[in-house]
Structure formats: structure tokens, C-alpha cells
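Trainee: I am new to this model and would like to learn how to read it. Please take me through it one feature at a time.

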2 protein chains.
Amino acid sequence: MYTVNLKKKILDANEEAAFKNSRLFHQYKIKCLNVISSPGSGKTTILSRTIEALKGKIKIGVVEGDLKTDLDTQKIKKTGAAAIQIETNGAGHLSAEQVYEALQNLPLAKLNLVFIENVGNLVCPSDFVLGEHGRVVVLSTAEGDDKPAKYPSTFAKADILLINKIDLLGNVDFDTSRVRADALKLNKNLKIFEISAKTAAGLQNWYDYLLGFVAG
Amino acid sequence: MYTVNLKKKILDANEEAAFKNSRLFHQYKIKCLNVISSPGSGKTTILSRTIEALKGKIKIGVVEGDLKTDLDTQKIKKTGAAAIQIETNGAGHLSAEQVYEALQNLPLAKLNLVFIENVGNLVCPSDFVLGEHGRVVVLSTAEGDDKPAKYPSTFAKADILLINKIDLLGNVDFDTSRVRADALKLNKNLKIFEISAKTAAGLQNWYDYLLGFVAG
């Protein structure tokens, strides 16, 4: 009983902050994508590659979420992009309020696109809107092909699915067609890209999509 | 304010149920291990292998936790072991009360060891005791070597770390010595085994440890 009411209160407060973020993005003509995945699926590597590849075309900033450390922010900053770390100190998702505070420390007037790299967690971030224009779920081939079936809510609420680490396909048991079928059953509008952030295979389609997304 | 109080209430209720589970394990002379990891690190494959290898030595039952599906329980049942699925319907961890209910459906009088395979989540399960005698964290080499630093609480509270998928070591960026150093800094008593549930490399040490754990 009290759990349900509390969950509602937390989500309501989160939605209010998410609206503040939306307004900020609108004011600065910025598009925002919320990137969600299990730990170690390759989010930071994908973002670093993407920032490098789209230099001179769009200006990208990153909000990084982790329980602890600023390791990911350090990696992003090596690309030259603006990045700001949120340490959640134990929470398994980013809240819209935390993102709002982080956005004050990004050079918004200079950016076209903000990626929010959520805490590595395929469950909790799915419940918290952050004011984003779209959601990206990353699934690594090393995680197995049963994940859309086992974590349906996260895939149902996503706009884009990046199937990462396709370079490992010969070494892991992963049926890409099963993932596509299960994910599209949950969400028929899901856009799916098969990529390797390590080898760059498949990334061009993702870049082209992003350029259209920012322009649109 | 209300969030903290509520978290305390939920955890108190959980602890009460965890004590009920402990008593049940004591009554039936069963040891229990709570297995925690990111999605797709190989928990179910490790458990299936372990059950097969220790047949005739110890009798193992499994409580499976997932947001949706009984895919993992189906896999465990193929080994002939008793297994029962908990579907959390969105929650990112198992509660002790859910486990208590599940235990009523296992043949406890016939078992020496119960594995609780928690929901694939490297964050939330860490806060919820289930009445277990020990915790196993599984980390796949495909997830990267920064995970103890980024998810310290889960590693600090574990008794055993299984570094899985060592068969992928040539194909992924993973420094085993960094993981060992970071994890042992958080928890100097952590027992660490490097294994591949796929090729069976390193599993004998884990089996020997388990036999001692159940006998002890």
C-alpha cells in the first residue's frame, strides 16, 4: 500500500523535473537520447566512437551516470566532448532532477545533441523519464539472445536497439533473428542496428540515423 | 525523508522474511547461495554445469528470479534438478518473502544446497538479504574490468566472485589482475575463481570449494 503511493510520489516528482529538462532542451534546440543497458554492454565505447565520427557535423555533450567513479566521463572527455558525471551513490538509475543539475554544467548553447548514459542496469532506468526525445537500448551479443523476453519493459519503451559486439558472434551463442523477433513483438516501431563499437562494423547506419534525428 | 523511512520499512520487512528462510534452511540442513550478476553473465549456464558435475555428491535445488518468463527454470530442469521460477513482474531484485513462498515448492528434505539465481541486475539485489549463507557474484569478461570499481557495494558484500567467460579473453579487453585487485580492495576475504561455463575451464576448483562449503 504505502509502497505503491510512494512509488507514485517519486515518479510524479521525477516527471516534474523531466519537464524542466524538456523545456531546457527546447530552449537550446537540443535533442536528447537516454541510453540504457546492462553493465558492460559497451555504451561508453559507442558514445566515444560516435562523437569522434560526427565531429564537425553535430556537437555532442554527455551526461554520465554511475554508482561510483568518473571513469566513463574521463573516457568521453578524451574525445574532446563536454561530459559531466553523476555519481548515484547506490541508486540503480538516474533521476530527472540529477540530470537537471548536471545540465547546468554543460555548454548547452554550443550543443546539438545530449546523450544521457544511464547507470548500467537493464531494469530500473526504464521507469524514469528524464525529458529525453528518445531511448536507446544497447544489448551486447555476449549477454545472450533471451534478453528482450526476460526484460520486456525496457525494450518496449525504447526507440532504438543497438545490438553491439557483433564481432563476437562466432564466439558466443546469440541468435540475432530471435532478438529482432522478440523485440519487435514488444515494440513494432523499434529501430534496430547491428554494430560493433570495437571494429566499427555497422556504425555508419547508426550515424546516418542520428544525423536525421538531430535535424528532424 | 519519506524515501529513507520507506526504504527502511521495506528492508525491515525483508529481513523478517529472510530470518524465516534461514530457519527453514537450518531445519532442513541446507546451505544456500544467492547468485547475483548483470544480465547475461552466465549464471544459469554455471548452475546447470555445476548441478551436472556434482550429481551423486550433493543434491541441488534452484530458485530462479526473472522479471518475466520461466526460460531459466526450463534450462535448470533439463539437468533433472528441482527448480522453481519467481516472476517479479518488473522488480529488479528478489525479496525474501518471494523466496520463502518459492521454497515451499522445492523438495527441501531431499536437498543439500539451494542456489537462488537473482534477477540479472548488478545493483538492486545487493540491498536485499534472502536468508542465504553466502553470496556469489558472477562477472563475465565481456562486461569489462571496471565493474568492481563502478559497482562497489555488490562486490563488497559478496563471498565468492566467479569471473566467467574466460574463453573470450583473447577477444575482449579485460584485465583479470585489475578485477582481482579492485575486488580484493573492497573485500579482502573474497574468494575468486576464473572459469568458463562454456568450456568448463577452471570449474573443478569451484566444485571443490562448493563441496567443502556444503560439508562445512
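**Reading the model**

Mentor: Start with Lys29(A), which counts as exposed because its relative accessibility is 71%; exposed means over 50% relative accessible area, buried under 20% and partly exposed in between, with a 1.4 Å probe and protein chains only. Lys29(A) sits in the loop between helix H1 (2–27) and strand S1 (31–37) of chain A, where helices (H or I, at least four residues) and strands (E, at least two) are DSSP runs numbered from the N terminus. Phi of Lys29(A) is near 55°, a positive value in a residue other than glycine.

Trainee: Where does Lys29(B) lie?

Mentor: Lys29(B) is in the loop between helix H1 (2–27) and strand S1 (31–37) of chain B. Lys29(B) has a positive phi of about 55° and is not a glycine. With a relative accessible area of 73%, Lys29(B) is exposed.

Trainee: What should I know about the source and the numbering?

Mentor: This is a predicted model, in which local features need pLDDT of at least 70 and side-chain atom pairs count only at pLDDT 80 or more, while totals for chains, interfaces and linings use all residues. Residues are numbered from 1 along each chain as its sequence is written, chains are lettered from A and ligands numbered from 1 in the order in which they are written, and side-chain values use heavy atoms, with hydrogens and water left out.

Trainee: Is Thr50(B) buried or exposed?

Mentor: Thr50(B) is buried, with a relative accessible area of 0%. Thr50(B) belongs to helix H2 (residues 43–53) of chain B. Apart from neighbours within four places in sequence, Thr50(B) is in contact (heavy atoms within 4.5 Å) with Ile60(B), Phe115(B), Trp206(B), Tyr207(B) and Leu210(B).

Trainee: How do I read empty space?

Mentor: Rolling a probe the size of a water molecule over the atoms shows where empty space is left. On a 1 Å grid over the protein atoms alone, a cavity is a set of points where a 1.4 Å probe fits but cannot get out, and a pocket is an open set with protein on both sides within 12 Å along at least five of seven lines; lining residues have an atom within 4 Å of a point. Grid points are joined across faces, edges and corners, and a volume is the space filled by probe spheres set on the points.

Trainee: How many cavities of 30 Å³ or more does a search of the whole structure find?

Mentor: The search finds 2. The largest cavity holds about 60 Å³ of space. Of its 14 lining residues, Glu143(A), Pro39(B), Gly40(B), Ser140(B) and Glu143(B) lie nearest its centre. The second largest cavity has a volume of about 30 Å³. Residues that line the second largest cavity include Phe115(B) and Trp206(B), and H2(B) gives the largest share of that lining, 3 residues.

Trainee: How much space lies in the second largest pocket?

Mentor: The second largest pocket contains about 720 Å³ of space. Its lining has 39 residues, and those closest to its centre are Gly42(A), Thr45(A), Lys75(A), Lys165(A) and Gly144(B). The lining of the second largest pocket divides into 8 nonpolar, 14 polar and 17 charged residues; Ala, Val, Leu, Ile, Met, Phe, Trp, Tyr, Cys and Pro count as nonpolar, Asp, Glu, Lys and Arg as charged, and the others, Gly among them, as polar.
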